[in-house]
Amino acid sequence: MFIQEFRVQPSNASSDGTIKLRSLLDYFQDTAGLAVEDIEGTATELFARGYAWVLTRYEINFMEKLPILDEKFIIQTFHDPSHGYNTFRQFYVNSVSGKRIIDAKTSWFLVDVKTGRPVKAAAHIDGIDKGNVEPISPDFEEIPELDENNITRSVDFPVRFHDLDYNAHVNNANYFAWVHDECPVNFADYELKKVCASFRSGAKLGEVIKLQFEARDDKFFSCRVMRPEIKKPSAEFSLLWQTRNQE
């Protein structure tokens, strides 16, 4: 298991002092990169060899209050490449005292950049099946399909240059930030308990994507991300909220 310590910096703190969701996901991505750097090299080195990682699933459980400004926290991570074309990666966020704060699981494809097709990581990255490898369950929570006739909120987002990542698609952390901030809940009263996501295609510069929400009740929402002229959702989310300060 790879372990990295961080501190919540002012640029990463939200108005209530806790770490922003976007910043948390950036920390996850940076930690994952550091964990495999001695195996596959940096992201630019991997890209130069013709490969890139593409996120397909994300599941995050918030178990305790998020780290606050200037607070140190620890991210632990390991991966499991033994699921065919899927490589799973687990993240744990702990306080410095050892209390579990967040449990997160992801699924990735290694993609051939030229063809855009997934390839088996074990066949293309030597040593991917060694070092910080532990079994990870392949089960992810199902995301309820949004009911076309029960849309609670719809909002358009233009894709801007700084929304893109090195693969020239919208970075997954931006989707989370958009969906979180546009979800029709009162942030003064509610905080995230769980968020799940499924990704199918990446939006590109100049596109105007549409976020559509369905309220299942006052704490549970489905969301889909639609790209122009594409019938199937680019991504789908479910968000479960809880009352703030709830034990």
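Reader: Which residues is Phe237 in contact with, leaving aside its neighbours within four places in sequence?
Author: Happy to start there, with contact taken as heavy atoms within 4.5 Å. Once those sequence neighbours are set aside, the partners of Phe237 are Ile143, Tyr175, Phe176, Val179, Val195, Cys196, Ala197, Phe199, Phe221, Ser222, Cys223 and Val225.

Reader: Is Phe237 buried or exposed?
Author: A word on the basis first: this is a predicted model, where local features need pLDDT of at least 70, side-chain atom pairs count only at pLDDT 80 or more, and totals for chains, interfaces and linings use all residues. Residues are numbered from 1 along each chain as its sequence is written, and side-chain values use heavy atoms, leaving out hydrogens and water. Phe237 sits in strand S11, a strand being a DSSP run of E of at least two residues and a helix one of H or I of at least four, both numbered from the N terminus. Its relative accessible area is 0%, and under 20% is buried, over 50% exposed and in between partly exposed (1.4 Å probe, protein chains only), so Phe237 is buried.

Reader: How far apart in space are Phe237 and Pro144?
Author: In sequence, 93 residues separate Phe237 from Pro144. In space, C-alpha to C-alpha, the two are apart by 8.4 Å.

Reader: What share of the contacts in the chain with a separation of 6 or more comes from residues 24 or more positions apart?
Author: The chain has four helices and 11 strands. Among its contacts with a separation of 6 or more, residues 24 or more positions apart account for 71%.

Reader: What radius of gyration does the chain have?
Author: The C-alpha trace spans about 50 × 50 × 35 Å along its principal axes, and 47% of the 247 residues count as buried. The globule rule, 2.2 Å times the number of residues to the power 0.38, goes with a radius taken over C-alpha atoms. For 247 residues a compact globule would come near 18 Å, and the chain agrees, with 18 Å.

Reader: How much of the accessible surface belongs to carbon and sulfur atoms?
Author: Accessible areas come from the Shrake-Rupley method with a 1.4 Å probe, and for residues only the protein chains shown count as cover. The total for the chain is about 12700 Å², and the part belonging to carbon and sulfur atoms is 49%.

Reader: Which residues does Ala35 touch, not counting those up to four places away in sequence?
Author: Ala35 lies in helix H1 and is buried, with a relative accessible area of 6%. Asn132 is 97 residues from Ala35 in sequence, yet their C-alpha atoms are 7.6 Å apart. Ala35 touches Phe2, Thr77, Arg89 and Asn132.

Reader: What phi does Asn132 have?
Author: Most residues other than glycine have a negative phi. Asn132 is in the loop between helix H3 (121–124) and strand S7 (153–158), and it is partly exposed at 24% relative accessibility. Although not a glycine, Asn132 has a positive phi of about 55°.

Reader: And where is the place of Asp70?
Author: Asp70 also has a positive phi, about 75°, although it is not a glycine. With a relative accessible area of 45%, Asp70 is partly exposed. Its place is in the loop between strand S2 (51–62) and strand S3 (72–83).

Reader: Which element gives the most to the lining of the largest pocket?
Author: On a 1 Å grid over the protein atoms alone, a pocket is an open set of points with protein on both sides within 12 Å along at least five of seven lines, a cavity is a set where a 1.4 Å probe fits but cannot get out, and lining residues have an atom within 4 Å of a point. The largest pocket holds about 1300 Å³, a volume being the space filled by probe spheres set on points joined across faces, edges and corners. Its lining has 42 residues, with Ala52, Trp53, Val54, Trp108 and Asn167 nearest the centre. The element that gives the most, with eight residues, is H1.

Reader: Which residues line the largest cavity?
Author: One cavity reaches 30 Å³ or more, and the largest has a volume of about 50 Å³. H1 gives the most to its lining, with three residues. The lining consists of Leu25, Phe28, Gln29, Tyr58, Phe91, Thr106, Trp108 and Asn172.
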